[in-house]
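Thank you all for coming; please have the sequence and the model open while I talk. I would like to go through a few local features one after another, starting from a single residue.

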Amino acid sequence: MKVLEKVVSQTNGNGTAWPAVAFPSTVQAIKENIIHHLMSFQGRDPERSGARDVYKALAYTMRDILVQKWISTQKNYYAKEKKRVYYLSLEFLIGRSLGNSMTNLGILEDARQAVEELGFDMAEIRDQEEDAALGNGGLGRLAACFMDSIATLKIPAYGYGIRYEYGLFFQELVDGYQVEGPDNWLQNGTPWEFERTMPVFRVQFFGNVSSYVDENGHYRAKWVNTRDVMARASDIMVPGFMNDHVINMRLWSAHSSRELDLADFSRGDYIKAVESKVSSETISKVLYPPDHNYAGQELRLKQQYFFVAATFQDIMRRFKKKHKAFDKFTERVAVQLNDTHPAIAIPELMRILLDLEGLEWAKAWHICVNTFAFTNHTLMPEALERWPVDMIGRVLPRHLEIIFEINRRFLNEVAQRYPGNDRRLRDLSIIEEGSPKMVRMAHLAVIGSHSVNGVAELHSQLLKDKIFPGFNEFFPGRFNSKTNGITPRRWLLDINPELSALISERIGAGWITDLDQLRGLEGAVDDPEFCRRWQEIKMRNKEHLAAYILRTTDVAVNPASMFDIQVKRIHEYKRQLLNALHLIHLYHRIVHGQAEGVTPRTAVFAGKAAPSYWRAKLIIKLITSIGEVVNNDPRVRDRLKVVFLPNYNVSQAEIVMPAADLSEQISTAGTEASGTGNMKFSLNGALTIGTLDGANVEIREEVGEENFFIFGFTAEEAEFERKNPSRTPEQICRENPEIGEVLESIADGSFAGGDQELFRPIYDSLMNRHDPYLLLLDLDSYLNCQKLVGEAFQDTATWTRKAILNVARMGKFSTDRTIRQYAEEIWGIPVE
């Protein structure tokens, strides 16, 4: 293999030179590396290789560069004894890695030319990569953006999670219904991971606790007679932006401690011989196994403990290289819990410190609280995890003992501060009394962490006022806000290259790592040539999406129409149904001849509903049925199209978001923690129609009220309306006959081939006077706001001006800002 031309000098921890490492920088060098990897890694004849072969070879070429930079980064950590951050998340929705790696390494154009000279198109090569199915929605995508910013800001950190063999599911639409299939993203392997043979850690389950009193009279416990599973690591490299700093996500896969029971095999019981292996490896098989039955709940609990236990053994391994005692543990280790999923880490660290290291409770608890920080991501009660006491006692008996003891000591403190207040004790207890008794994991996370943050200013205030008011009073200063963000490297530079080039031509490229510099675009709104080029780029992006829609759904859409887009997880509180009601209303106006001058509109939906969430799945069916009727009605023509894109993922979002004109962020106020899709759309020049919910509040403050279409109740008004509805559904329909007609068309089978029962549950929920999502109460306001949107879109110059200002004022919403705040205000790590 040819020596690569660019030689980058590296230094070891003592500042002395270590062997120089050559990296491919020229087109010729990249080509020769691709050919080398085709032959040596894949055994392929370069002259007979296809696009998938070349994709893998190019990925291996990028990985070669990444791992050298990663080794240098790790040496620097050890040499300077830096405090490390361990980001624990059950999801990392990283999407595809090739484009992001080439962009952050600064060699995208060289790689593009190299691929073209080999006779391939870079878009085709990039399309060979499977999306890494390591997450579901916003939680996992945020974690992925955080990794990018952590690497770009050179923060010593690691992401820890699970290497799922299968993702949530692959979504197909059959007759308009969601059908779930396996998302086997690893069926052809992935060139991005390093599977580590060492370290391998033993993770315990079940068994019982043996206790004794030590020579100092202290209670000690041993967890014995356990069933064990082995955790094996795979590392995926994450590069910072053109800074030679590469971190890694370490993902654990589960393996049996015994591959084969020879005794059973010898007796001819071949199934039982491999039963242990199959049972063990189920733990890392699937992201979010269904939890509507006991077995599924137990598997989820085992998943959470599995990756936490393996991670803490890795943390201890790394810490003990330089330290024998634990006096400096919190000076070297910070652990961020991404929602409640990893909250079992709190009793796990206590178990390690008490049972394995012999520390006394007070010292162990001090270390524990000062190690952990907890991010809450939800306001929905069902998402605040609770596990049956009996289940934890069976699967993790020692941890239940520790949870009980944490709770006992905490409630003693509560009783001392609030004597005689039994209700306060019940409200703050980790254990929820009832049948069955439950462990409230959010309570455990709050009590066991020194910092608890929400992910938007409104969300954080609601946490303090509505969800955890007692804890906020008991722990003054513990709660804080860290508004979410997105990485501009992926969500503008990589996915919208033409717009990125136009921006850089105008204000320079500094915005890529300092998003506040986008403010420099404000002066461009009065430049006719700039605005014209902006509009042309948007149109090309829309044409690209229109071609994708045609390939995917066989529906032809007009790129000149308004692209009105709502893509996100399907859930009642996100109110895709509200959007659907507007589309029915618009359809009725068209067929009644009342739509002259109305802006042509293409409504695009995408998102997955949880397999057991039948009502959300019925909303998908309603949307696809509306599309079936509208798209085939000759009276409508190009004035309205409705499409639902199947199997929404990161790669699909990268096509959709640059093409959007209108971003639908319409959740019931007070239900969305933050949202990051709202930020991605705005950063790509879409205007938002939304409620004052989550980060919408802050986006509106930044971009200006005149550049944001707001409707509906505030969070306070929504809470009041739930308790004291101002109007009944019947009143709303009487006052606005057009709304009554919309509801009637759902009930009478107009979108179900005359079947009046198919959408009856949706109709009944809308006519329910106690609808928690306030769909009909917000519908008037939404319809009026959508009318204003349509009128505004017809004024192309003003719409473009608003779009440019949206992009120009999105500087706050970079994860670089978010991570800087985490580092300096929670983790105690200064950022260079």
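Leaving aside its neighbours within four places in sequence, which residues is Asn579 in contact with? With contact meaning heavy atoms within 4.5 Å, Asn579 touches Gln566, Phe605, Glu664, Ile666 and Tyr782. Before I go on, a word on conventions: this is a predicted model, in which local features need pLDDT of at least 70 and side-chain atom pairs count only at pLDDT 80 or more, while totals for chains, interfaces and linings use all residues. Residues are numbered from 1 along each chain as its sequence is written, and side-chain values use heavy atoms, with hydrogens and water left out.

Asn579 belongs to helix α23, where helices (H or I, at least four residues) and strands (E, at least two) are DSSP runs numbered from the N terminus. Its relative accessibility is 1%, so Asn579 counts as buried; the cut-offs are under 20% relative accessible area for buried and over 50% for exposed, with partly exposed in between, using a 1.4 Å probe and protein chains only.

Let me now turn to the sheet. Six strands, in the order β21-β20-β19-β22-β23-β24, make up an open sheet with parallel pairing, two strands being paired if DSSP finds at least two bridges between them. The edges are held by β21 (640–645) and β24 (709–710), each of which has a single partner strand, so one side of each is left without a neighbour in the sheet. Within the sheet, β19 (residues 562–567) pairs with β22 (residues 662–665) in the parallel sense over two bridges, and Asp564 has Leu662 as its bridge partner in β22. Helix α23 (residues 576–591) packs on this sheet, touching β19, β20 (601–606), β21 and β22, and its direction makes about 155 degrees with that of β20; these angles run from 0 to 180 degrees between N-to-C directions, the axes being lines fitted to C-alpha atoms, for helices over the stretch in contact.

Next, the aromatic residues. Searching the whole structure gives 29 aromatic pairs, where rings of Phe, Tyr and Trp (its six-membered ring) pair if their centres lie within 6.5 Å, and planes under 30 degrees apart count as stacked, over 60 as edge-to-face and the rest as tilted. One of them is the stacked pair of Phe410 and Phe475, at 5.9 Å centre to centre with 20 degrees between the planes. Phe410 lies in helix α15 (residues 397–417) and Phe475 in the loop between α19 (469–474) and β18 (479–481), so this pair ties together parts that are 65 residues apart in sequence. Both partners are buried, Phe410 at 4% relative accessibility and Phe475 with a relative accessible area of 13%. A tilted pair is formed by Phe468 and Phe479, 6.1 Å centre to centre with 35 degrees between the planes; Phe468 sits in the loop between α18 (457–467) and α19, and Phe479 in strand β18, 11 residues apart. Phe468 and Phe479 are buried as well.

Helix α18 itself has buried residues, namely Leu458, His459, Ser460, Leu462 and Leu463, and what covers them includes β17 (451–454), α19, β18 and α27 (696–703).
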